[in-house]
Amino acid sequence: LTSREDPFPSVVLEALALGVPVATFDWGGGYVELLNDKNLGFTIPYMDVEAAAQMIPAALGDPKTYDKKRVAHRQALIRERYQFPDYCADLLNYLNPERKRISVIVPNYNYGHYLEDRLESIFTQTYPLYEIIVLDDGSSDGSAEIATEVGERYKRILKVVSNEKNSGNVFRQWQRGLSMASGDYVWIAEADDLSRPDFIASLVARLASDPESTFAFSDSVAIDEKGLTMYEDYKGYYAAEGDDGLSRDGIFPASEFLRRFLAVRNLVLNVSSVLWDREHLMQVFESLGGDAFNFTCAGDWRVYVESCRLGGTVHYAAETLNLHRRHAKSVTHSLDKKKHFDEIAAVQEAALEDFPNDKALKESVARHQAEMKLHWGLKKEAPVVKKEKKKPAAKPQKAVAGKKRK
């Protein structure tokens, strides 16, 4: 760089992004401080042309100049510290210091035919998104190519990461995406679901208002494989055990949420409806260790339970901001009933560890397990469990056909 003075030219960053070292006059601008790291290049005494004529050819002839490790080091510096989205996010934070960075993780396996609608519902969020990471788990339907093409067509930056083979466990994909994310909050937006445009804006406001918050979630509309409405909301299901706490907006201490809404049944029905504090979710996976991957279908429930066991508060929006796609042939339906039951029982057991002296809760769990065994044909007769009379459970809502989403 022969400039006598230039505050911070982009050509310096572009060179380093390609692994090319920089030679420049000392005192030329703010970028000179970068070259304190000698792996990035070197400085020449200010306006000393003769020194430049000697030093630059010498560097070009030195094999260390283009050493592979040094090239990789230069490129990594730009990736980690000088990406344009980071710059844009910083500018936004000057306008609003309270603005949060949102990382979106889209786990996908053979959902290519849903990807455009899903990504469009992410692109149209009213709250600015920091990064979108699409994780394709060895799909055979060209999902990775579809995601890339959609991103280009909508002029949006996507990071598409593909596995050559299916990992066999979606919760490993969650953790992988989490390790790649760098936002304040994380949204695991499953590839077949949809969302309202104000989904993120609504949940961010809840999380940001409370320093103790760990995750926030909303109610959902249930849609079928064609996008037709099956249930307008899940409030009837939420209240089936007689607790109407999720019929309205709420803020719950984690321990209370665990006891009321997770110990017996999992009432966070769809991870796409959840916005997480990223650091907290990382702590959850660290706390679970390998246990997070011992589940085929109840792993999400186990994550919610562990989240609540770590403390904090849970926020809930009663508005249906999420659209949860229900499939006739899902992992839950195809799983062996005995294995499915064992997974549920294992999660319930983990939840009960926080309430060792709560006899009523233990009875509720035992009663629910007995009903499951009877319903699934795992036991001929349900054991007799004494219980107090309560209001009859809410009847399942009838499916309501709605307009097909484009």
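**Notebook: a walk through a predicted chain**

I began with a count, and the secondary structure of the chain comes to 15 helices and 12 strands. Next I looked up the overall extent: the C-alpha atoms fill a box of roughly 95 × 45 × 40 Å along the principal axes. The chain has 406 residues, and 45% of them count as buried. I also checked contacts with a separation of 6 or more, and 74% of these join residues 24 or more positions apart.

**Entry: helix α8**

Which residues of helix α8 are buried? In this helix, which spans residues 199–208, I found Phe-199, Ile-200, Ser-202, Leu-203, Val-204 and Leu-207 on the buried list. Then I wanted to know what covers them. The cover includes strands β3 (102–108), β6 (185–188) and β7 (194–195). It also includes β8 (213–223), β11 (274–277) and β12 (313–325).

**Entry: His-315**

Is His-315 buried or exposed? Its relative accessibility is 2%, so His-315 counts as buried, the cut-off being under 20%. I then listed its contacts, leaving aside neighbours within four places in sequence. His-315 touches Arg-206, Ser-209, Asp-210, Ser-213, Phe-215, Ala-216, Phe-217, Gly-250 and Ile-251.

**Entry: α1 against α3**

Here I looked at two helices that pack together, α1 (residues 10–17) and α3 (residues 68–81). Their axes are 7 Å apart and meet at an angle of about 125°. From α1, the contact is made by Leu-13, Leu-16 and Ala-17. From α3 come Arg-74, Gln-75, Leu-77 and Ile-78. I sorted this contact by class and got five nonpolar residues, one polar and one charged.

**Entry: the second largest pocket**

My last stop was the second largest pocket, which holds about 690 Å³ of space. How many residues line it? I found 25, and Pro-85, Asp-86, Leu-129, Tyr-130 and Glu-131 lie nearest the centre of the pocket. Helix α4 (84–95) and strand β4 (131–136) each supply at least two residues of the lining. Of the elements I looked up, α4 gives the most, with six residues. By class, the lining divides into 13 nonpolar, three polar and nine charged residues.

Conventions. Residues numbered from 1 in each chain as written. Predicted model: local features only at pLDDT ≥ 70, side-chain atom pairs only at ≥ 80, totals over all residues. Heavy atoms only, no water. Buried < 20%, exposed > 50% of the residue type's maximum accessible area, 1.4 Å probe, protein only. Helix = DSSP H or I, 4+ residues; strand = E, 2+ residues; numbered from the N terminus. Contact = heavy atoms within 4.5 Å. Axes fitted to C-alpha atoms, helices over the stretch in contact; angles between N-to-C directions. Nonpolar A, V, L, I, M, F, W, Y, C, P; charged D, E, K, R; others polar. 1 Å grid on protein atoms, 1.4 Å probe; cavity = no way out; pocket = protein on both sides within 12 Å on 5 of 7 lines; lining within 4 Å. Points joined across faces, edges and corners; volume = space filled by probe spheres on them.
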